[in-house]
Amino acid sequence: MKAEHSKIDRHRMIRDALKDRPFATVKDILDLIDVSPATIRRDIAKLHEAGVIRKVFGGIALPAGSSSERVHARPFEENRVLNVEAKKAIAKEAEKLCRDGDSLIVYGGTTCFIFAQLLARRSLKIYTNSMPVAATLWESGCCHVVLGGGELHREPGVLFSPDAAQPEFYASKFFLGTQGVGPEGLMESHPLMLKLVETLVRRADEIVVLTDSTKFGVRARHAVLPLARIGTLITDDRLSEADSDMLESEGINVIIAKTSD
């Protein structure tokens, strides 16, 4: 049976809910602390204001740039509820780069998933290894979809086979997200992402990165693509001046998606 806890105890337990994971739902916290949902939401709001945690849709997440965020890649289902407004704004800017009749590669990730929802009814040919992207294009779209084959890797939600032949698909643009961005380039924790990107970059004329500003400064294990290979990067208007200068010094076309008035 769960015991009653003081406010100090509750705040400590809420922080501890993120000790071994980067995201926790309100239900996860209620399973630990025997108080009302309203009390938990007030506690979350106070901790968010103090910068101890980050309040996100459906729960809480680690503050941007925290040490755990640098080590672990979030599963797709957890990541899709973070920074949703920024991702929607980035996806809208990305759609403006697409013309009817284009052949595109759309990689996995939650920003690309939102982007794919906007493309679903367009007259486009889209290649993807992402099961979530393929599912949304199939369920609500009419565009031509080419799905990469191989084994399903459930956490990132992608299909991949190391023995598969190179895809017979050529695109005007390759849209992809990333776990982290820094001077080393795009970074990922999962080695599978490195292999997939290496395969697909050779199949497109231009690389377009879709990433919200919280990904800058996140350091993952594998550098998958140097900044010099990126043609365009779309991010939100919370991008720091230092990160903007870093991108521009590499000759990257930076598009800022407006998320605030």
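Tutor: Two strands pair if DSSP finds at least two bridges between them. Keep that in mind, as this is a predicted model.

Student: Which residue in β11 is the bridge partner of Val181?
Tutor: Start with the strands. β10 and strand β11 (residues 185–188) run antiparallel, joined by three bridges. In β11, Val181 has as its bridge partner Leu186.

Student: What is the bridge partner of Leu186 in β13?
Tutor: β11 also pairs with β13. That pairing is antiparallel, over three bridges. In β13, the partner of Leu186 is Leu225.

Student: Which strands stand at the edges of the sheet, each with a single partner strand?
Tutor: Three strands make up this open, antiparallel sheet, in the order β10-β11-β13. Each edge strand has a single partner, so one side of it is left without a neighbour in the sheet. The edge strands are β10 (180–182) and β13 (222–225).

Student: By how many degrees are neighbouring strands turned against each other on average in the sheet of β10, β11 and β13?
Tutor: The order of this open sheet is β10-β11-β13.

Student: What angle does the direction of helix α9 make with that of β13?
Tutor: The strands β10 and β11 of this sheet are joined by three bridges. Helix α9 (residues 191–200) packs on the sheet and touches β11 and β13. Its direction and that of β13 make an angle of about 15 degrees.

Student: Which residue in β3 stands opposite Arg54?
Tutor: Look at β2 and strand β3 (residues 59–61), which pair in the antiparallel sense. Three bridges make up the pairing. Arg54 stands opposite a β3 residue, Ala61.

Student: How many degrees does the twist average from one strand to the next in the sheet of β1, β3 and β2?
Tutor: This open sheet has three strands in the order β1-β3-β2, with antiparallel pairing. Its edge strands, β1 (23–25) and β2 (54–56), each pair on one side only. From one strand to the next, the twist averages 25 degrees.

Student: How does α6 lie to α7: oblique or roughly parallel?
Tutor: The axes of helix α6 (residues 84–95) and helix α7 (residues 110–119) come within 9 Å and cross at roughly 50 degrees. The angle therefore makes α6, relative to α7, oblique.

Student: How many residues of the contact of α6 with α7 are charged?
Tutor: On the α6 side the contact includes Lys87, Ile90 and Glu95. On the α7 side it includes Thr110, Ile114 and Phe115. Seven residues of the contact are nonpolar and two are polar, and the number of charged ones is four.

Technical notes:
Residues are numbered from 1 along each chain as its sequence is written. This is a predicted model: local features need pLDDT of at least 70, side-chain atom pairs count only at pLDDT 80 or more; totals for chains, interfaces and linings use all residues. Side-chain values use heavy atoms; hydrogens and water are left out. Helices (H or I, at least four residues) and strands (E, at least two) are DSSP runs, numbered from the N terminus. Axes are lines fitted to C-alpha atoms, for helices over the stretch in contact, and angles run from 0 to 180 degrees between N-to-C directions. Angles under 35 degrees count as roughly parallel, over 145 as roughly antiparallel, 65 to 115 as roughly perpendicular and the rest as oblique. Contact means heavy atoms within 4.5 Å. Ala, Val, Leu, Ile, Met, Phe, Trp, Tyr, Cys and Pro count as nonpolar, Asp, Glu, Lys and Arg as charged, and the others, Gly among them, as polar.
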